[in-house]
Amino acid sequence: MSAIDRPPARPAPVTAPPRPWRPVWRAIVLRCVLVPVIVLAPLIALPPSADHRFNVYANGARYLTRPWELAAEAFRSVPQYLNLGNFRPLGRMVEWALDTVTFALTDLLGLPANVSLRLVSSASAVVLTLATVVLAESVLSRGRAFAGPPSLVAAVLPFAVGGSFVAAGRTSTTVLFGGLYFLTAALVLLVAAAAARTVGRIRLGPRLGGLAVLTGAVLAGFNEMAWLALPLAVFAVLIRARTVLALRWREIGTGAGARFTGLLWAGFLPVAIPVRMIIARRCAAGTCYSGSDVAPAGTLGALPNRLTSWVPPLMWQRASEGPYGHTVGPALLVALIALLLLVRRFWRDLPRCDTPDRRQALALAATGLAVLVPAATMGALNEQMQHLAAAGWWGLGWRDSALAGAGGTLLTVALLTAVCARDRLSGRAHRRGTLAGVLLLVVIAAVSTSANRDYRAGVASEKPAYVHDRVAQEIVDFDRSVAGDGRRCTLRDQFRASLPRDRRTGYPAEMRRFDQAVNQATYRLAHRPFCTRAPS
């Protein structure tokens, strides 16, 4: 065949360029899942406390088959909650939805409600860990985030964030309302990450602008901790624009990042200002819920306490105060082995991660401060926290713990990044220094796991906790016999005996709330009352 008659050669197939960083990203996501689960595993059977003793049953049973009533009831109850100095309709929707998911796990899998509750809380902690990585990567990226190799910061952060999930007292978010406040902190970080990613864009666009206004209004109706997304978004834009991308002030002021944050405030203020005015009027009369009140006069005195409340050794002290506190125990060894298995994959992926330079390390530290300081200030504004700070309760958890922990871990990893910077050390010394830092974070996370074990053992030894643990078991394993009814009525009597002495007679509000909650649960699961001797 001549050259003229020969058919033209087929063009070479176009192949996508290799992307060796994708397995690295998958390993980072896996660590974001496994590290929080390992640290929180000792709390899986922690007995419910405070409002969790009732809300999981009452809200879960009510909305399990009628979830559409969540929104209607949340907004219908706004006047009632405003009279108590509380707003948060969207936050209540999320809280009730989490109660419903918890009860659904109990119904579907036959798990006691306390176990289902901790599973939901652990899943929310995973979301917060992922959100922390997303914020760091969004601020530090000089190009399109997540379109290339991950930064070393993203690879290290899961170990640091996991170590902050310590049961530092009964008011810690790791113990009480973990699902709600972990998700609230994740929302704050993700809004700031979205703002940071708009930096450098030529135009914002009407769709993204409308979304910014809507997001601002949503934050105003969520809860007070969610309000911190507004200042954090401003700082995230400034930090990325000035420190990472080195933009001029004029470019920042006229850029898409400034417009995005301005529209956030435009959606937020028309809702937040009148609500806070109403709440301030209610609190001035002394009739509002204490958690919604603020006491500016004592803020500076409590601020150092709240700024350090995320430090793991201080939190270990609070978690291990019970009679069963012995932090160096078998739980530490088991957690250490499980976490070291993850370090092996980290060491293998280390050469494929981008190492931040000094400007990026500075940006990460600034971002950590921008998260930590507002969260700690929010905690220091609370009068109850001010009294506890004055009494010397260092490391005690509260509603600010989830967000303060994320900010503190960003600061910790920024320090590690600065110390082990590649431009200061040789390649081998950089890798070894980074590994040493990660191993230190792993030890901290392992000790946090053991401290959580101590907290659970201490709480489980208390009689009220035992009662609610048994109540959860009796509800899920409902015994229809006379003996089963007798056991449940005995638990009801033990609950009454656990109340303060002046509230044991008659039919006090706590007793009425207990009966309503457990009866809703047992009627939903077994179509029977919890105790036949209780008032119908």
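Which residues of α5 are buried? Here, buried means under 20% relative accessible area, exposed over 50% and partly exposed in between (1.4 Å probe, protein chains only). The buried residues of α5 are Pro89, Gly91, Arg92, Glu95, Trp96, Leu98, Asp99, Thr100, Thr102, Phe103 and Thr106.

## Ground rules

This is a predicted model, where local features need pLDDT of at least 70 and side-chain atom pairs count only at pLDDT 80 or more, while totals for chains, interfaces and linings use all residues. Residues are numbered from 1 along each chain as its sequence is written, and side-chain values use heavy atoms, with hydrogens and water left out.

## Helix α5

Helices are DSSP runs (H or I, at least four residues), numbered from the N terminus. Helix α5 takes in residues 89-109, and its end C-alpha atoms sit 30 Å apart, which agrees with the 30 Å that its 21 residues should span at 1.5 Å a residue. That expected span is 1.5 Å times one less than the number of residues. Just after α5, Gly110 has a positive phi of about 70 degrees.

## Two cores

A nonpolar core is a set of buried Ala, Val, Leu, Ile, Met, Phe, Trp, Tyr and Cys residues joined through side-chain atoms within 4.5 Å. The largest one has 113 residues, and Phe159, Leu189 and Leu403 have the most contacts inside it. Helix α8 (residues 178-197) gives the most to this core, with twelve residues. Apart from it lies another core of 24 residues, including Val471, Ala472, Leu499 and Val518.

As for Leu189, its contacts (heavy atoms within 4.5 Å), leaving aside neighbours within four places in sequence, are Leu128, Ala131, Thr132, Leu135, Leu232, Val371, Leu403 and Ala406.

## Salt bridges

The structure holds 16 salt bridges, each a side-chain nitrogen of Lys or Arg within 4 Å of a carboxyl oxygen of Asp or Glu. In one of them, Arg76 pairs with Glu73, the closest N and O atoms being 2.5 Å apart. Both lie in helix α3 (residues 69-76), three residues apart, about one turn of the helix. Arg76 counts as exposed because its relative accessibility is 54%, whereas Glu73, at 16%, counts as buried. Arg62, Glu73 and Arg76 are linked in a network of salt bridges.

Then there's Arg492, which forms a salt bridge with Asp515, with the closest N and O atoms 2.8 Å apart. Arg492 lies in helix α21 (residues 482-497) and Asp515 in helix α22 (residues 509-526), so this pair ties together parts that are 23 residues apart in sequence. Arg492 is buried at 8% relative accessible area, and Asp515 counts as buried at 3% relative accessibility.

Definitions and conventions:
Helix = DSSP H or I, 4+ residues; strand = E, 2+ residues; numbered from the N terminus.
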